Amino acid sequence: MPGTGRAEALRQFVAHTPPPVAAKALGYPDFTTEQAATDIGATWSRYASGDHERDRPRARR
């Protein structure tokens, strides 16, 4: 049985976006996007969450 339009759109989004990023972008709780990712088999087990800009050296001008 196909899901609702909103649920299907969320599944499509987390198929291409890590669940924590999707949750923040959409204003959903983390568990909602994690469940959607699990439903479609997208594990994102190698996604390193966190602030990656913090340790990046600044570009020279």
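Q: How accessible is Phe-13, and what does it count as?
A: This is a predicted model. Within it, Phe-13 has 32% relative accessibility and therefore counts as partly exposed.

Q: Which helix is Phe-13 found in?
A: Phe-13 belongs to helix H1.

Q: Which residues form a nonpolar patch with Phe-13 on the surface?
A: Leu-26 and Tyr-28 form the patch with Phe-13. Together the three residues have about 240 Å² of accessible area.

Q: Stepping back, what is the secondary structure of the protein chain?
A: The chain has three helices and zero strands. From the N terminus on, the order of elements is α-α-α.

Q: How much of the protein chain counts as buried?
A: Of its 61 residues, 18% count as buried. The chain exposes about 5,300 Å², and carbon and sulfur atoms supply 52% of that area.

Q: And the contacts, how many join residues at least 24 apart?
A: Among contacts between residues at least 6 apart in sequence, 43% join residues at least 24 apart.

Q: Let us turn to H2. Which of its residues are buried?
A: Helix H2 covers residues 19-26, and Pro-19, Ala-22 and Ala-23 are buried there. These residues lie on the same side of H2, because they cover an arc of only 100° around the axis.

Q: What do the buried residues of H2 pack against?
A: They pack against helix H1 (5-16) and helix H3 (30-40).

Q: Which exposed residues are on the face turned away from the buried side of H2?
A: That face of H2 carries Lys-24 and Ala-25, both exposed.

Q: What follows H2?
A: Gly-27 follows H2, and its phi is positive, near 80°.

Q: Now H3. Which residues are buried there?
A: Thr-33, Ala-36 and Ala-37 are the buried residues of H3. They cover an arc of only 100° around the axis, which puts them on the same side of H3.

Q: What covers the buried residues of H3?
A: The cover includes H1 and H2. On the face of H3 turned away from the buried side, the exposed residues are Phe-31 and Thr-38.

Q: Which residues is Thr-33 in contact with, leaving aside neighbours within four places in sequence?
A: Thr-33 is in contact with Leu-10, Val-14, Pro-19, Ala-22, Ala-23 and Tyr-28. Of these, Pro-19, Ala-22 and Ala-23 are the buried residues of H2 described above, and Tyr-28 is part of the nonpolar surface patch.

Q: Which residues make up the largest nonpolar core?
A: The core has six residues: Leu-10, Val-14, Ala-22, Ala-36, Ala-37 and Ala-42. H1 and H3 are the elements that give two or more residues to this core.

Q: What does Ala-42 touch, not counting residues up to four places away in sequence?
A: Ala-42 touches Val-14 and Ala-37.

Q: Changing topic: how many salt bridges does a search of the whole structure find?
A: The search finds one salt bridge. The side chains of Glu-8 and Arg-11 meet in a salt bridge, at 3.5 Å from N to O.

Q: Where do Glu-8 and Arg-11 lie?
A: Both are in helix H1, three residues apart, which is about one turn of the helix. An α-helix has 3.6 residues a turn, so residues three or four places apart point the same way.

Q: What are the relative accessible areas of Glu-8 and Arg-11?
A: Glu-8 is partly exposed at 34%, and Arg-11 is partly exposed at 23%.

Q: What does Thr-17 touch, not counting residues up to four places away in sequence?
A: Thr-17 touches Ala-22 and Trp-44. Ala-22 is also one of the residues of the largest nonpolar core.

Conventions
Residues are numbered from 1 along each chain as its sequence is written. This is a predicted model: local features need pLDDT of at least 70, side-chain atom pairs count only at pLDDT 80 or more; totals for chains, interfaces and linings use all residues. Side-chain values use heavy atoms; hydrogens and water are left out. Buried means under 20% relative accessible area, exposed over 50%, partly exposed in between (1.4 Å probe, protein chains only). Helices (H or I, at least four residues) and strands (E, at least two) are DSSP runs, numbered from the N terminus. The arc is that of the directions from the helix axis to the C-beta atoms. Contact means heavy atoms within 4.5 Å. Patches are made of residues with over 30% relative accessible area and no salt bridge: like charges are joined within 9 Å, nonpolar side chains (Val, Leu, Ile, Met, Phe, Trp, Tyr) within 5 Å. Accessible areas come from the Shrake-Rupley method with a 1.4 Å probe; for residues, only the protein chains shown count as cover. A salt bridge is a side-chain nitrogen of Lys or Arg within 4 Å of a carboxyl oxygen of Asp or Glu. A nonpolar core is a set of buried Ala, Val, Leu, Ile, Met, Phe, Trp, Tyr and Cys residues joined through side-chain atoms within 4.5 Å.
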